[in-house]
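Subject: Structure for you to look at, with notes

Dear colleague,

I am passing on the structure below, and my notes on it follow directly after. Please read them with the structure open beside you.

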Amino acid sequence: MSDELFEVAFSGQISDAADLNDVKAKVAKMFNADEAKLAQLFSGKRVVIKRNIDQQIAAKYQNALKRAGAVCEVKSLSANQAVAPDSNPAPAAAAPTPAALVIPKAPVDYGDVTPPPQTDPLGISGDQIEDLSATIAPVGSELQTEIKEAAAPAIDISDLEIAPVGSDIGSSKKDPNPPPPDTTGLSMAD
């Protein structure tokens, strides 16, 4: 089923052979997470990392977290059934809770700089908006269906005169040269 949506969740579980500090460092680098987000991710509570994604993207998240040493859960949203993780999880510090938490984003102060645009702020992609769907016309086709003749503007030229042929109409009178500077107060030193 191609319309099936999934979510990726993490409960702080790591694989048996992984070191907790190494996994935390890799996950922090992967998600650009600060200490507060890491504490929330590794608290033992179930945290939804990504929701409403297709199976291919969910598998990419699962593989990336597996390479980091973390064990995540991929759950189908349409059937409400979880896809089994790839490896046996190690017990977490606290038992995971069934409530899904979404990691809150800390507000960022951008100062006078315009903040970056949100990608997918409402969960709607461009192909779901009917007004955004567009087609490309074939080469050579008419793009404007109705062409209106523009009315010639009414310009009054009654004050203008026509110079005879051969007249120099671009010449202007030259200003007289300025007087020479006054040098009476200057003297030459030996």
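The secondary structure of the protein consists of three helices and five strands, where helices (H or I, at least four residues) and strands (E, at least two) are DSSP runs numbered from the N terminus. Read from the N terminus on, the elements follow the order β-α-α-β-α-β-β-β. This is a predicted model, in which local features need pLDDT of at least 70 and side-chain atom pairs count only at pLDDT 80 or more, while totals for chains, interfaces and linings use all residues. Residues are numbered from 1 along each chain as its sequence is written, and side-chain values use heavy atoms, with hydrogens and water left out.

Of the 190 residues of the protein, 18% count as buried, a term that means under 20% relative accessible area, with exposed meaning over 50% and partly exposed what lies in between (1.4 Å probe, protein chains only). The accessible surface of the protein amounts to about 15900 Å², and 54% of this belongs to carbon and sulfur atoms; such areas come from the Shrake-Rupley method with a 1.4 Å probe, and for residues only the protein chains shown count as cover. Where contacts (heavy atoms within 4.5 Å) are made between residues at least 6 apart in sequence, 76% of them join residues at least 24 apart.

The salt bridges come next. The structure holds three of them, a salt bridge being a side-chain nitrogen of Lys or Arg within 4 Å of a carboxyl oxygen of Asp or Glu. Glu7 pairs with Arg46, their closest N and O atoms being 2.8 Å apart, and this pair links distant parts of the chain, since Glu7 is in strand β1 (residues 6–14) and Arg46 is in the loop between α2 (35–41) and β2 (47–53), 39 residues apart. Both partners are buried, Glu7 with a relative accessible area of 3% and Arg46 with one of 8%. Glu7 also forms a salt bridge with Arg51, where the closest N and O atoms are 3.2 Å apart; here the link runs from strand β1 to Arg51 in strand β2, across 44 residues. Arg51 is partly exposed, at a relative accessible area of 37%. The side chains of Arg46 and Glu73 also meet in a salt bridge, at 2.9 Å from N to O, and because Arg46 lies in the loop between α2 and β2 while Glu73 lies in strand β3 (residues 70–76), the pair ties together parts that are 27 residues apart in sequence. Glu73 is partly exposed, with a relative accessible area of 25%. Through shared partners, these salt bridges join Glu7, Arg46, Arg51 and Glu73 into one network.

Turning to the helices, the axes of α1 (residues 20–31) and α3 (residues 55–68) come within 9 Å and cross at roughly 145°, the axes being lines fitted to C-alpha atoms, for helices over the stretch in contact, and the angles running from 0 to 180 degrees between N-to-C directions. On the α1 side Val23, Lys26, Val27, Met30 and Phe31 take part, and they meet Tyr61, Ala64, Leu65, Arg67 and Ala68 of α3. The residues of this contact divide into eight nonpolar, no polar and two charged.

On the surface, Ile155, Ile157 and Leu160 form a nonpolar patch with about 360 Å² of accessible area together. Ile157 is found in the segment after β5 (101–102), and at 57% relative accessibility Ile157 counts as exposed.

Two backbone angles deserve a look as well. Most residues other than glycine have a negative phi. Asn32, however, has a phi near 50°, a positive value in a residue other than glycine; Asn32 sits in the loop between α1 and α2 and is exposed, with a relative accessible area of 68%. Asn52, in strand β2, has a positive phi too, near 60°, and is partly exposed, with a relative accessible area of 49%.

Methods
Ala, Val, Leu, Ile, Met, Phe, Trp, Tyr, Cys and Pro count as nonpolar, Asp, Glu, Lys and Arg as charged, and the others, Gly among them, as polar. Patches are made of residues with over 30% relative accessible area and no salt bridge: like charges are joined within 9 Å, nonpolar side chains (Val, Leu, Ile, Met, Phe, Trp, Tyr) within 5 Å.
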